[in-house]
Amino acid sequence: MKGLRAGKPPRIPLAAAVTAGALLASLTGCVTVHGESAVVPALSKAEAAKVLGTFVKKNNRANTAYDTRLNATIESGALGAIDQAGLKSRKEVDPKGNPDYKPLQLSDTRYLIPEQAGWPKFFVTDSRSNRKGQGRWLFVFQRDRADGPWKASYLAVVQPDEIPRFARDEDGHVKAVPVGGASGLALAPDRLSERYTRYLQEGSGDDFAPGPHTSALREQREKAMKRTSVRNEFADQAAQPPQFAPFGLRTKDGGALVFFASHHHHKQTLPRGYQPQIKDPLVKALMTGTPKQSVTFERVSEQAVTVPDKRHDGKVTFLSRIEGLTSARGS
């Protein structure tokens, strides 16, 4: 085709990529033509609004009834792992659910929709919530195949003045960042989880800016490991795609806002003759095995960070980190 550079997939207007009958009627209704090879918007703004609206309605129903199956239809990845474990434990403690649950409301939403080829596709919503605090709620929605549903895989709560300005193409769409070496970032998105968990484990490398989720977290762990009344051990593991795929949006300064996940284990062992006492019923609900001397807590964490352009000095800076208990094991 005239005017196209060799090796680059063609960009197709949204109107040519979807038919009128394929407009999203539900979380599963959007159909994109040639999604594997053509560079097209993940979906339209109107479709994204319907995805978010459906998500909020089902999320409120799931949280009222503590319904993990319903949640699994709208969430995946790190967010799904955290929330489904939480719903499971709450259902165990209170089978009747939570009729007093305050429904989530989102307003003043901005839709950050990149043009992409291949799968998974994603987009980001940036909203004001009715929860306490001034933080904006950023959801990442991903879709793994043409006939698959849109599911929220990350949530970040970010202060308004910390949300970066995003780069846009000539059509006004935000730009997705390649997850590998072609990202042009100081640390590629697909390396973030491995480098972060290694940093927490060993303190090695200078990729991350000091803060509560980096240097301060390591200091807290070091203090815990010095305790003589209980032995504290920590282990961290990188989260792997496709279940925990990272996603990034290019920022105006050449860097990126990146969402990624990680796994964290904390084992507590008491001296011989002492048995751990698990008082929290929500932890008990996720417990396997018998805590005769030790308990291992397993958590999933979802992060939103800014990563600088590799041509500029700078470090990875955390904007949000949400961690949730997904299981506990007694031994």
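A residue counts as buried under 20% relative accessible area, as exposed over 50%, and as partly exposed in between. With a relative accessibility of 46%, D108 therefore counts as partly exposed. The structure described here is a predicted model. Its chain has 331 residues, of which 48% count as buried, and it contains seven helices and 12 strands.

**The chain as a whole**

- The chain exposes about 16,900 Å², and carbon and sulfur atoms supply 50% of that area.
- Among contacts between residues at least 6 apart in sequence, 66% join residues at least 24 apart.

**Nonpolar cores**

- The largest nonpolar core has 24 residues, and the members that touch the most other members are V124 and F259.
- Helix α4 (77–93) gives two or more residues to this core, as do the strands β4 (121–129), β5, β6 (151–158), β8 (247–250), β9 and β11 (294–307).
- Another core, of 20 residues, lies apart from the largest one, and A42, I74, W137 and L155 are among its members.
- Leaving out residues up to four places away in sequence, F259 touches V124, L138, V140, Y154, A156, P246, F247, Q303 and A304.

- L257 is found in strand β9.
- The relative accessible area of L257 is 2%, so this residue is buried.
- L257 and T306 are 49 residues apart along the chain, yet their C-alpha atoms are separated by 4.6 Å.
- Apart from residues up to four places away in sequence, L257 touches L138, P164, F166, F247, G248, L249, T251, A304, V305, T306 and L319.
- H263 also lies in strand β9, which covers residues 256–269.
- Between H263 and E302 there are 9.1 Å in space, C-alpha to C-alpha, and the two are 39 residues apart in sequence.
- With neighbours within four places in sequence set aside, H263 is in contact with T197, A235, D236, Q237, A238, A239, F244, R299 and V300.

- T251 is placed in the loop between β8 and β9.
- T251 is buried, because its relative accessible area is 4%.
- Its side chain makes a polar contact of 2.5 Å with the side chain of D253.
- The side chain of T251 also reaches the backbone nitrogen of A256, at 3.3 Å.
- Not counting residues up to four places away in sequence, T251 touches P164, R165, F166, A167, A256 and L257.
- The C-alpha atoms of T251 and V307 are separated by 9.3 Å, while the two residues are 56 apart along the chain.

**R143, a buried charged residue**

- R143 lies in strand β5, which covers residues 136–143.
- Which side chain of opposite charge is nearest to R143? It is that of D147, at 6.8 Å.
- A salt bridge needs a side-chain nitrogen of Lys or Arg within 4 Å of a carboxyl oxygen of Asp or Glu. R143 is buried yet has no salt bridge.
- A polar atom of the R143 side chain does lie 2.7 Å from the backbone oxygen of A146.

**Backbone features**

- The peptide bond from W119 to P120 is cis, with omega near 0°, and P120 is found in the loop between β3 (115–116) and β4.
- The peptide bond from P241 to P242 is also cis, with omega near 5°, and P242 is found in the loop between β7 (231–238) and β8.
- Y66 is not a glycine, but it has a positive phi of about 55°.
- Y66 is found in the loop between α2 (45–65) and α3 (68–72).
- Is Y66 buried or exposed? Its relative accessible area is 12%, so Y66 is buried.
- D108 has a positive phi of about 50°, although it is not a glycine either.

How values were computed. Residues numbered from 1 in each chain as written. Predicted model: local features only at pLDDT ≥ 70, side-chain atom pairs only at ≥ 80, totals over all residues. Heavy atoms only, no water. Helix = DSSP H or I, 4+ residues; strand = E, 2+ residues; numbered from the N terminus. Buried < 20%, exposed > 50% of the residue type's maximum accessible area, 1.4 Å probe, protein only. Lys, Arg positive; Asp, Glu negative; His and termini not counted. Polar contact = N/O pair within 3.5 Å; in protein donor to acceptor, adjacent residues only side chain to side chain. Contact = heavy atoms within 4.5 Å. Areas by Shrake-Rupley, 256 points an atom, 1.4 Å probe, with all protein chains shown as cover. Core = buried A, V, L, I, M, F, W, Y, C linked by side-chain atoms within 4.5 Å.
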